[in-house]
Amino acid sequence: MSDLVVLTKARDGVLPSLALLNHHVTVLAPTASSLLSTGQADALLVDARQDLPGAKQFCSIIATAGVELPVLLVVTEGGIAAISQDWGISDFILATAGPAEIDARIRLAHRPGAVAADDPSIIRAAGLVIDEASYSAKVNGKPLDLTFKEFELLRYLASRQGRVFTREQLLSEVWGYDYFGGTRTVDVHVRRLRAKLGELDSLIGTVRNVGYRFNPTEGEFPPVAANHESDESTEE
């Protein structure tokens with residue numbers, strides 16, 4: 001369990017899924033004086049959903065005040081493009097993120113420094129390398145051009161190698177509990193990922209009548225259905 005401070009002007013739940021986790025949460029206004037009450041916290045969550053310029057300015061205030069705590073920015077998907085290194089944050093979390101992703105980002109944000117080769121933010125399988133910190137992925141050293149959701153789906157599956165997930169589970173965890181699209185959205189994104197993975201497309205296996213799983217090496221798990229089973233086309 002972590003002690004978290006959420007800095008927001010809003011009265012709603014900044015991260016609805018956070019309520020499902022066993023963390024102690026304190027909500028404060030984003031003011032310089034509030035920073036005096038964050039000394040015992042494990043991480044700060046700054047609400048940037050509606051006011052990106054204001055959130056950036058407040059992150060600068062946090063840095064200037066010498067607060068040595070991880071800062072996680074809570075944003076909408078449309079706000080991601082505005083984030084850069086000069087914000088001085090440790091990571092960001094989408095407001096619609098599921099509890100598993102929120103918990104992982106909080107855990108990674110205040111973990112002790114690690115040797116790069118053992119960095120838990122790096123996922124390796126066959127010729128695939130996923131860097132969670134930089135939101136990038138490579139196949140045999142060549143960068144993959146992934147959309148945000150494609151990356152999130154790939155990262156989610158690869159970080160849970162061998163586990164089988166239904167389409168409903170993936171839709172909830174990757175797209176968020178309040179996403180109203182159908183499960184065929186998952187099929188479409190899997191098909192796109194396989195196309196971009198090229199010769200490594202078998203890393204994402206189909207378990208017939210169940211869902212999908214990430215297969216790190218051939219022969220490690222029981223046979224699965226053909227990777228390219230027919231999927232109906234749908235919009236994201």
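Predicted model: local features only at pLDDT ≥ 70, side-chain atom pairs only at ≥ 80, totals over all residues.
Which residues in α4 are buried? I looked: Arg-167, Leu-170, Leu-171, Glu-173, Val-174 and Trp-175 are, with buried taken as under 20% relative accessible area for a 1.4 Å probe, protein chains only.

Residues are numbered from 1 along each chain as its sequence is written, and side-chain values use heavy atoms, with hydrogens and water left out.

Next I checked what those buried α4 residues pack against: α2 (99-109), α3, β10 (164-166), α5 (184-197) and β12 (211-214). Helices here are DSSP runs of H or I with at least four residues, strands are E runs of at least two, and both are numbered from the N terminus.

Helix α3 (residues 148-158) packs on helix α4 (residues 167-175) at about 120°, axes 10 Å apart. On the α3 side the contact (heavy atoms within 4.5 Å) uses Lys-149, Glu-152, Leu-153, Tyr-156 and Leu-157, and on the α4 side Leu-170, Glu-173, Val-174 and Trp-175.

Of its 18 lining residues, Ser-90, Asp-91, Glu-132, Ala-133 and Tyr-135 are closest to the centre. A pocket is an open set of points on a 1 Å grid over the protein atoms alone, where a 1.4 Å probe fits, with protein on both sides within 12 Å along at least five of seven lines; lining residues have an atom within 4 Å of a point. α2 gives the largest share of that lining, five residues.

Conventions
Axes fitted to C-alpha atoms, helices over the stretch in contact; angles between N-to-C directions. Buried < 20%, exposed > 50% of the residue type's maximum accessible area, 1.4 Å probe, protein only.
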